[in-house]
Amino acid sequence: MPVSPAYRPDPRFFDLGPDFGDPVSAADFPQTILRVRNDRAAADVGLETLSDDEWLSSFGRFHPLPGQPGPVAMRYHGHQFRTYNPDLGDGRGFLAAQLREVGGAQAASDRVASDSAPPGRLLDLGTKGSGQTPWSRRGDGRLTLKGGMREVLAAAMLESLGVPTCRILSLIETGEALERNDEPSPTRSAVMVRLSHSHIRFGTFQRAAYYGRKDQLEVLQEHARSLYHPSVTPGDAPGFLAAVVEASARLTARWIAAGFVHGVLNTDNLNVTGESFDYGPWRFLPHYDPAFTAAYFDNSGLYAFARQPEAVFWNLTQLAGCLKLIAEPQVAALTEALNGFGPAYIRHLRAAFLNRLGVKSLSEAADQRLLDASLALLRDKGEALRWEPLFFDWFGGFSSGARALGGGRGKVYQGEAFDAFRFALLEHEPDRPERLEHPMFAAAEPEEMLIDEVETIWSAIDQGDDWSPLYAKLARLEAARQAWAL
């Protein structure tokens with residue numbers, strides 16, 4: 001297979017042995033129709049040179065890439081809506097490959113939060129919808145085409161807004177009719193491949209702890225430390241936890257600044273690199289609403305927009321409990337690392353809002369005033385302002401005032417809440433104001449990702465097999481990513 005010379009296989013997870021995963025085979029699909037091919041992501045791991053036929057062979061039939069041992073379904077447990085489930089694991093996916101990133105790609109994009117990673121990070125190719133595994137339980141191991149499309153859109157939108165996220169490398173339609181209770185059925189099927197910095201979840205540690213396997217916990221922590229947080233000293237469980245806490249705080253702050261609601265913040269959906277993945281019932285806020293939920297089954301609002309920091313912290317406490325088994329003399333240090341989440345989250349939230357408004361940090365007090373004033377304005381104006389337009393209208397700081405006040409929302413920007421926002425913004429200098437020269441900022445409206453548009457894109461595919469709205473949206477999101485340059 002003629003992969004790029006930059007392609008470097010490095011299947012490190014496979015070295016952990018049978019305690020952490022099971023060899024599996026992909027389903028034999030009736031069809032493989034290429035729907036989404038992310039060549040920009042592929043280029044980061046030397047796969048952009050694959051022909052479409054080779055692409056289908058690798059990501060539709062899952063013939064192993066050069067130097068890869070074959071698919072492995074990863075073992076893990078997890079708390080699902082805070083109820084422990086020991087019957088989890090990769091039930092409709094597997095780890096297909098691990099590769100080294102082409103040197104320099106990390107510095108060019110700020111996608112992940114792991115610290116001190118050298119050039120050539122280890123990246124995973126993980127699947128969704130690739131068939132049944134020993135962990136499928138009663139599931140069919142498949143992914144609906146609509147579900148795959150939604151993951152493509154979520155990852156693209158989050159990346160454009162500077163959120164640490166997996167990227168969807170491939171979406172292939174597979175020609176099966178699936179029965180689902182949350183979609184009109186039968187519905188079309190797909191298999192997806194995501195490119196992610198790691199698939200080692202909090203739940204991966206939970207499984208080892210559940211069985212009291214200190215040996216597995218020690219092996220797993222050292223594996224994750226050496227690959228994803230190499231600045232931590234070997235054997236330093238509190239240091240490792242502190243690194244995961246920092247990365248998770250940064251991720252959560254970026255979600256909030258993006259107005260994003262993940263929807264299912266279970267311990268098996270958070271990983272050790274602080275990079276989000278597995279987008280099921282996600283939503284973006286239509287307007288400021290702390291109680292906004294993404295999942296129709298989240299009846300208690302456990303994972304509502306404003307409760308996401310609480311949910312991530314709770315999950316981190318479960319990880320800390322696992323590490324306690326191998327660091328009992330260091331319990332105080334583990335607690336200290338865990339309690340670092342709150343201050344780190346606030347610090348990263350200030351930075352995320354400044355980032356989204358395109359202004360420089362001034363001081364902790366001034367930055368906090370701007371954060372508070374931004375949230376107060378979003379709350380005060382509600383549906384009249386929505387969420388995303390505030391950052392679009394005022395990107396680049398107060399120098400954008402003429403553009404914002406002269407636009408379609410000009411009359412919204414008045415009143416006490418706006419005056420406080422204006423004065424707080426005025427204190428901050430623009431950061432790289434040349435970004436405003438991008439054509440995107442001449443548009444009347446920002447790129448948003450509200451549910452009505454998502455449903456319209458799917459309707460075109462479902463009713464007329466028309467993929468042009470999806471491709472057009474992805475092109476606009478790529479332009480937005482370049483314009484924001486976050």
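These legends walk through several close-up views of one predicted model. Residues are numbered from 1 along each chain as its sequence is written, and side-chain values rest on heavy atoms, with hydrogens and water left out. As the model is a predicted one, local features need pLDDT of at least 70 and side-chain atom pairs count only at pLDDT 80 or more, while totals for chains, interfaces and linings use all residues.

**View 1. The largest nonpolar core, with Phe205 and Phe421.** A nonpolar core here is a set of buried Ala, Val, Leu, Ile, Met, Phe, Trp, Tyr and Cys residues joined through side-chain atoms within 4.5 Å. Buried means under 20% relative accessible area, exposed over 50%, and partly exposed in between, using a 1.4 Å probe and protein chains only. The largest core counts 123 residues, and Phe205 and Phe421 have the most contacts inside it. Helix H7 (residues 237–258) supplies the largest share of this core, 13 residues. Helices (H or I, at least four residues) and strands (E, at least two) are DSSP runs, numbered from the N terminus. Look around Phe205 and, leaving out residues up to four places away in sequence, you'll find it touching Ile200, Leu217, Leu220, Gln221, Ala224, Phe240, Val272, Leu319, Cys322 and Leu323; contact means heavy atoms within 4.5 Å. Another core of 26 residues lies apart from this one, and Ala27, Leu50, Leu99 and Leu123 are among its members.

**View 2. Helix H8, end to end.** How far apart are the end C-alpha atoms of helix H8 (residues 308–324)? They are 24 Å apart, which agrees with the 24 Å that 17 residues should span at 1.5 Å a residue. The expected span is 1.5 Å times one less than the number of residues. Buried residues of H8 include Leu319, Cys322 and Leu323, and these three also touch Phe205.

View 3. Side chains of opposite charge can pair when their charged atoms come close. A salt bridge is counted when a side-chain nitrogen of Lys or Arg sits within 4 Å of a carboxyl oxygen of Asp or Glu, and the structure holds 42 of them. Arg225 is buried at 7% relative accessible area, whereas Glu222 is partly exposed at 30%.

**View 4. A salt bridge between two helices, and a network.** Lys473 pairs with Glu453, the closest N and O atoms being 3.1 Å apart. Lys473 belongs to helix H16 (residues 468–484) and Glu453 to helix H15 (residues 451–464), so the pair ties together parts that are 20 residues apart in sequence. Is Lys473 buried or exposed? At 1% relative accessibility, Lys473 is buried, while Glu453 is partly exposed at 24%. Elsewhere, salt bridges link Arg386, Asp393, Arg409, Glu445 and Glu448 in a network.

View 5. Most residues other than glycine have a negative phi, and most peptide bonds are trans. Pro186 sits in the loop between strand S9 (167–178) and strand S10 (187–196). Find Ala485 in the segment after H16, partly exposed at 29%.

**View 6. Asp124 and its surroundings.** Asp124 is part of strand S7 (residues 122–128) and is buried, at 2% relative accessibility. Which residue lies 73 places from Asp124 in sequence but 6.0 Å away in space, C-alpha to C-alpha? That's His197. Setting aside neighbours within four places in sequence, the contacts of Asp124 include Leu95, Arg194, Ser198, His199 and Tyr228.
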